[in-house]
Amino acid sequence: MSSLAGVTPFPPEFAARYRARGYWEDVPLGRFYAGVFASHGDRVAMVSGSKRVTYAELRERVERLALHLLDLGVVPLDRWVVQLPNIPEFVYLYFALERLGAIPIMALAGHRWNEINAFFELSGASGYAVSEGLGDFDSRELIAQIQDAHSEVHTVLGTETIRELVNRKPGLDARLLDTVEVDPTNLASSSCREARLAYPS
């Protein structure tokens, strides 16, 4: 894998020291989190209003969403601008992206064209997750502006679509997630793919 442009790798002597001391286990974050979810089982992982989500349920929903993202063409080191409020769908998407080795770039709900456009310009992100409404702001115009300005944006997901994907059975075999190769020590540029749109009309 070739390094992602603009990323400075850790000096080899530091990396060797971290491994020797056990700080680095060379386990991708997505795989690490999947192990944590499995080991905690029925313990409560997340509370949203009156709803409780266990770690087992979280793992199931994250893997379901990750399979849908894989089906949409998401690959390791794809960059995603994530502009979602503090809701369960944000949690599911974040961990699903990590499961696939994609890179979430966090944006605030109050960000508008100047900030969001800068994120895409600087990162070359191919995905955008944004709530349909950000407070009293309708995000549809912002989405259209981003898509017009950045042809590399292949996938846009709204909260409603994420919720629907989390609850829909994937068409891909769950075992495919274990075949996704994520190098925890290196970043590489991703290839372009056919544009996909998964946003409620």
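Contact here means heavy atoms within 4.5 Å. By that rule, among contacts in the protein between residues at least 6 apart in sequence, 78% join residues at least 24 apart. The model is predicted: local features need pLDDT of at least 70, side-chain atom pairs count only at pLDDT 80 or more, and totals for chains, interfaces and linings use all residues. Residues are numbered from 1 along each chain as its sequence is written, and side-chain values use heavy atoms, with hydrogens and water left out.

**Overall make-up**

- The protein has 7 helices and 8 strands. Both are DSSP runs numbered from the N terminus: helices are H or I with at least four residues, strands are E with at least two.
- Of its 201 residues, 42% count as buried. Buried means under 20% relative accessible area, exposed over 50%, and partly exposed in between (1.4 Å probe, protein chains only).

**Positive phi at Asp26**

- Asp26 sits in the loop between helix H1 (12–20) and helix H2 (29–40).
- Its phi is near 55°, a positive value in a residue other than glycine.
- Asp26 is partly exposed, because its relative accessible area is 39%.

**Positive phi at Leu77**

- The loop between helix H3 (55–71) and strand E3 (79–83) holds Leu77.
- Phi of Leu77 is near 75°, again positive in a residue other than glycine.
- Leu77 has 7% relative accessibility, so it counts as buried.
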